[in-house]
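Reader: Hi! Could we go through the aromatic rings and the charges around them in this one?
Author: Happy to, have a look here.
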Amino acid sequence: MKKHLFIFLFGIFSAFAMHAQQAIVKGSVTEAVSYEPIPEVTVTVEGTDLNVVTDEAGEFQFLESVPLGEQVLVVSKSGYISKRYPIVVNQGQTVDITDMTLEKVVDSADLFTITLSDDELNDDGTGLDNISGLLQSSQDVFQRTAAFEFSSSFFRVRGLDSENGSVLINGIEMNKTYDGRPQWSDWGGLNDVLRNQELTTGLQPSNYNFGGVLGTTNMIVRASKYREGGRITYSASNRSYTNRVMASYASGLLDGGWSYAIMAGRRWGKEGYQEATLYDSNSFFASVEKQFGEKHSLNFTSIYTPNRRGKSSPNTQEVYDLKGIKYNEYWGWYDGDKRNSRIKEIEEPILMLNHYWDISSKTKLNTNVAYQFGKIGNSRLDWNGTDIVDGFPEGGGANPSPTYYQKLPSYFVRNFPDNLEYAYGAQQEFLNNGQINWNDLYFANISNASTGGNAVYALYEDRNDDSQLTVNTILSSEINENILLNASINYKNLKSENFAEIIDLFGASTYLDVDAFATDIESAQNDMLNPNRLAGEGDKFKYNYNFLANILSGYAQAQFKYNKVDFYVAGSYTNTTYQREGLYQNGAFPNNSLGKGREVKFTGLGAKGGLTYKLSGKHLIDVNGGYLTKAPTLRNTFANSRENHDVVGDRNGIGITEEKILSTDVSYIYRSPIVKAKLTGYYTKIEDANEISFYYADGVGGDNAVFVQEVLQGIDKKHIGAELGIEAQVLPTLKLKGVASVGQFTYDNNPNLYLTTEPNDESQIAGFTNGYRDYGTSNLKDYKIAGGPQQAYSVGFEYRDPNYWWFGATVNYFTNTYVDVNPLTRTTNFTTDSDGNVFNDYDEDIARELLKQEEFDDYFTVNLTGGKSWKIGDYYIGLFASVNNLLDEVYKTGGFEQGRNANYRQLRDDQALDTPVFGSKYWYARGATYFVNLNFRF
């Protein structure tokens, strides 16, 4: 017994003695500028699996034995520039490296956001939806590259729209109820105060909401979270605006628990890269916080970013060949200035109150109230002004668009092939002028008004004036060191006023508020309560209605973290109610337009889960999967909201239902001090989606021309592909990076299609019954979904000199970009003559070629970036510059088939021409552009 006791005591003594002889490696990490400690920094012994994370005081100590001899500590954290520190470990000695420093990544990633200015992210002038704003805060090399290098091509991660990602400010969702997308302009120009962001990608768990299949971005604007100090910035560019000035200041925590942050900025320019694309934007921000003891804090935030900008037009290839890629049909000279007829104006202030309650050290409750109000206006020209003559409206003017098809050479080639001098005359007129003639509009209106008539032409804007109240509460509770629970309840109430308002009558006093295309005086009335009403500047006309929406939602989530595996499960519930309230009684729909329509209700359910399995410190497997149902957006719920209460599916009897989304992804992750890589495969299936389009269709029911609402219902889409991102810190100063995205995004069924229009004699001749015609299915299965390149690749490098200057270059390659096909030409309308039979000259081989989807040419771009920073006493000066598309590559970013040739015979005859009259319309990317930024930080 004594022998065993002796052996036991000797073992304990030996263990203590061995431990005493082991080397101890410890230290601390601070921020290079403020020397504040940095928590959650990973410190790794290079070439081993040994790593440790700093605590709240920025300190660390290796608990495991560090190999003796010369070693290198790699110090890294997301958002900071990694560093390598050489050390020598001797047996029995302590290596104490205090105040190792990390420098924040500011001059590159933050200032890169110029390429993601809110006008591009929100630009309906491009016809494309840019999701890059969802990714710009990511430290993942693939996500960063997709945001900064691929954004000019309107690349979509996994081919998905931005409505599939959630954007939050202080926990309040900012996605619009109307179309599900973030309105980036509502906080545009506030770069300096929006840097603090928490990002989750894909289905990964967020601490704030259930999120979409593209993840969640939460911008934190609490005053106490800003570092004390200020920044003044000036920028110059030739992209969207030409000048930018910003100034910001944060107080840090003051006596009495107060803190504040303020910012003001302005961006302006008479013209961006495209002609007459004016830019006029101001930005204001204020956040004030008061801490009440250690448990409670109240924060008030106000954001106000009024902005105006001129849009640019999509054009046919004929127009680009004549005028170049900078051409914009929307403007003309007036009083010595370029006057753009298509101005987008946004003025939607945000007021927000946030309460933070630390119930305990492990449980927190965040309650938020936000109110957003204001207007969005999109201006355009109207040329259908009339006068009452013999009891019926007559008049109207010529289409003032310089690219109207009857003004272009192709029209005369098709219709006057034996008199090509007409085409030459049109070509010369377009080359020499080719812009809106504002003086002609004034002359026509003043002349008609002088004889007692009304305006023939008018400049008006389509308005959306939203008032939205959002209330939510978010709970986060750490059950133990392994389990974190999240939950939230959200309520959103929206009243959206939609109407048209006259801006300018060009010298006339009144505009007759009727539908100039109606066939009888009763159906011509836009508002039967005010027949033949004369509207003036500042008056509402054409249409006037409200959207009402109430959305109640909640989610719960559990996250589990263990040594070898992390996993999570989450569920959500959403109740959505929409309603239309008509303020005009439309003459074409007298019994289905005035007052409140029926309530449309949807129930959304969601479930998702995932796990990360840690094979070792370097090798990880990550798996995520989810299924959710959600309400369609307001935009895709009401079939013709400007004129009536009709809901999608009412006319064909199918009814409307929730969209369904199934999504999954699997990733292999490799991370070492030198190389970080991630390879992901993904699959997403969307079912029962709806899309509504408005256009003028030729060849409906034969040779008839009708303005229609196209309702595409029950759309299924399939998104499948793989992503690769890899970066290697090959030298302390040199990083190499490569990214590849290979996807295939297709329609996965043949959805239902029907058209609606006004129920009159013309539509009846075209085969409509009471303004409705059902075409059954549209043969879209396996057609590619338009919206940027489906494959993209990038390679590049970043060099960072110890003397605080850096330079980077990337080469990007894009392929598999497609035009957006017209669904109507893929229905029976394409093959059917006016007698209801198939065209007697129909040729299957020719038809197959006509309906083949256009694929754009592949292209390369080269981008350069560089910068330098200086420290002068306690102040910092930073210079950043970038050049995009250095080689001035000309390429298409998107386009769509026109609906003017809706049947086989018309499309065949038009496509037989060298230059089609109704060819597809395209958007071209900007050529070589630059951006220069100078900032002073104190």
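Author: Let's start with R339, whose charged end sits over the ring of W438, 4.3 Å from its centre. "Over" requires NZ of Lys or CZ of Arg within 6 Å of the ring centre and within 35 degrees of the ring normal. This is a predicted model, where local features need pLDDT of at least 70 and side-chain atom pairs pLDDT 80 or more, while totals for chains, interfaces and linings use all residues. Residues are numbered from 1 along each chain as its sequence is written, and side-chain values use heavy atoms, without hydrogens and water.

Reader: Nice. And where does the charged end of K323 sit?
Author: K323 has its charged end over the ring of F430, 5.5 Å from the centre of that ring.

Reader: Switching to ring pairs, how many aromatic pairs are there?
Author: The count is 47, taking Phe, Tyr and Trp (six-membered) rings with centres within 6.5 Å; planes under 30 degrees apart are stacked, over 60 edge-to-face, the rest tilted. F284 and Y304, for example, are stacked, with 6.3 Å between centres and 20° between planes.

Reader: Which strands hold F284 and Y304?
Author: F284 is in strand β16 (residues 279–292) and Y304 in strand β17 (residues 296–304), 20 residues apart. Strands here are DSSP runs of E, at least two residues, numbered from the N terminus.

Reader: Are Y511 and F541 buried or exposed?
Author: Both Y511 and F541 are buried, meaning under 20% relative accessible area (1.4 Å probe, protein chains only).

Reader: Which residues do ring pairs link into a cluster?
Author: Y404, Y405, Y411, F412, F416, Y422 and F918.

How values were computed:
Helix = DSSP H or I, 4+ residues; strand = E, 2+ residues; numbered from the N terminus. Buried < 20%, exposed > 50% of the residue type's maximum accessible area, 1.4 Å probe, protein only.
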